[in-house]
Amino acid sequence: SEASIKRGLWSSRMAFVLAATGSAVGLGNIWKFPYITGENGGGAFVLVYLVCIAAVGLPIMMAEILIGRSGAASPLRSMRLLIEQGGHHPAWRFTAVIGMLAAFLILSFYSVIGGWAVSYIGTAATGELVGKSAEAVGEIFSGLLGSPWLLLGWHTLFMALVMFVVGRGLRGGLERAVTILMPALFVLLLIVVGYAMTTGHFGEGVAFLFQPDFSRLTTAGVLVALGHAFFTLSLGMAVMMAYGSYLSRNVSIAKTSIVVSVMDTGVALLAGLAIFPIVFANGLEPGAGPGLIFQTLPLAFGQMPWGSLIGTLFFVLLTFAAWTSAISLLEPVVEWLEEKKGMSRTRSTVGAGVSCWLLGIASILSLNVWSDVTPLGMFSMFEGKTIFDLLDFVTASIMLPLAGLLVALFAGWVMTRETLQKELAMSSGSFSLWYGVIRYVTPIAVAVVFIYNLF
Ligand code: PFF
Ligand code: NA
């Protein structure tokens, strides 16, 4: 369409895949996936997660890219255009609004964890980890969490890096960075998996990840798996819509979405294979929570040959992966401020970035000074949750599935079959499969998991 020509398209299908992968692969894969798998008992949770990726995540990713491409504008404008063209109820716009609000809330704590990754670059580089026991490694981590000022420093640095890129509206550089960094991250993960094989507990790690024990799966765990499918694929936040709007017409949305989903899942499973053998070899607790990778990977780097170098590189790459994801979280919010409020890019970036940074301070404090503060603790659903836990839970387990549900309903029930068919350009068999899934399977699955947990 004319709009997309004016906005410029991705230089190639590869460029889109790289940008989308840059957004998808991040802390969600290497930090969050292992620790929620550990907390939820392993195999059965992983299985549910994989089903959620295939049956809910992938079809919704296709729908988001499709909406973005056929609207060929920012997510909010794309939705408005499609709504007006079809004469639909204006309330559908809230799909993109919830997404943007979720992106804003997520970025506030994502940046705090990104800061942990940055700080471990130095920890690894100085050789501090060499020969350390599990206990000593744990102390380094609790030392970081116990210091609000240190955390604030790293959070500030991370957010500044994100604002720098978004403020300048860079896209080309990002594509190039991802081309080099993603394969490198993959290789380093393979090296750590190689080390994990030498611990003598590799089999135990594999069994924990892939042998389902359904007695350890709870309904809350199913909701976490569903929410994480959205989180890890960057769905429900208008990000893929925004990226899709730059996608050229002759690229297959289905193939592209499959490539991105497979790469994202691959990185998560590799991270699991790297971490759990180390957990069992050192008698650590799989359900240790958000600190899991910072209590296990440093042990590997302290023991393997060239560990300081490999560890440094690993945390540099983790920082980059987090950075490209965080950029994609801030971008739609900034675009919205520019479009809606007519602010300049610089002012939008500073406005959104600094507000996010401020909110991040609440997450920092809930790791130490406010670790006993549970603002919504009177509701059983939020019992024992700190501000940090709440932000994570409300975004990943409530807002994202809700936004995803709306996307599925909008694509499946509001947009016309002809438009969908034209955009997806698949064989009629594949199209019917996707159409059935997006109309029935996805909304029903999300609604059931949701209702089961909330009431
Ligand atoms: N998908 C990213 C991850 O797995 O770390 C996190 C993320 C990025 C979520 C961008 C949402 C988003 F819009
Ligand atoms: Na991810």
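Trainee: Which residues are closest to ligand 1, and how many surround it?
Mentor: 16 residues surround ligand 1, and the closest are G26, G28, S234, M237 and V239. A residue is near a molecule if its C-beta atom, placed from the backbone, lies within 6 Å of it. Helix 2 (13-24), helix 3, helix 6 (94-125), helix 11 and helix 15 (307-341) each give two or more residues to this shell. Helices here are DSSP runs (H or I, at least four residues), numbered from the N terminus. This is a predicted model: local features need pLDDT of at least 70, side-chain atom pairs count only at pLDDT 80 or more, and totals for chains, interfaces and linings use all residues. Residues are numbered from 1 along each chain as its sequence is written, with chains lettered from A and ligands numbered from 1 in the order in which they are written.

Trainee: Why are helix 3 and helix 11 called roughly antiparallel?
Mentor: Their axes (lines fitted to C-alpha atoms over the stretch in contact, with angles from 0 to 180 degrees between N-to-C directions) cross at roughly 175 degrees and come within 11 Å. Angles over 145 degrees count as roughly antiparallel, so helix 3 and helix 11 are roughly antiparallel to each other.

Trainee: What makes the contact between them?
Mentor: G28, N29, K32, F33 and I36 of helix 3 and V224, H228, F231 and T232 of helix 11 make the contact, which requires C-beta atoms, placed from the backbone, within 7 Å.

Trainee: What is the confidence of the chain?
Mentor: The average pLDDT (the predictor's confidence in each residue, from 0 to 100) is 92. Over residues 1-6 the pLDDT is below 50.

Terms used
Angles under 35 degrees count as roughly parallel, over 145 as roughly antiparallel, 65 to 115 as roughly perpendicular and the rest as oblique. Two residues are in contact if their C-beta atoms, placed from the backbone, lie within 7 Å.
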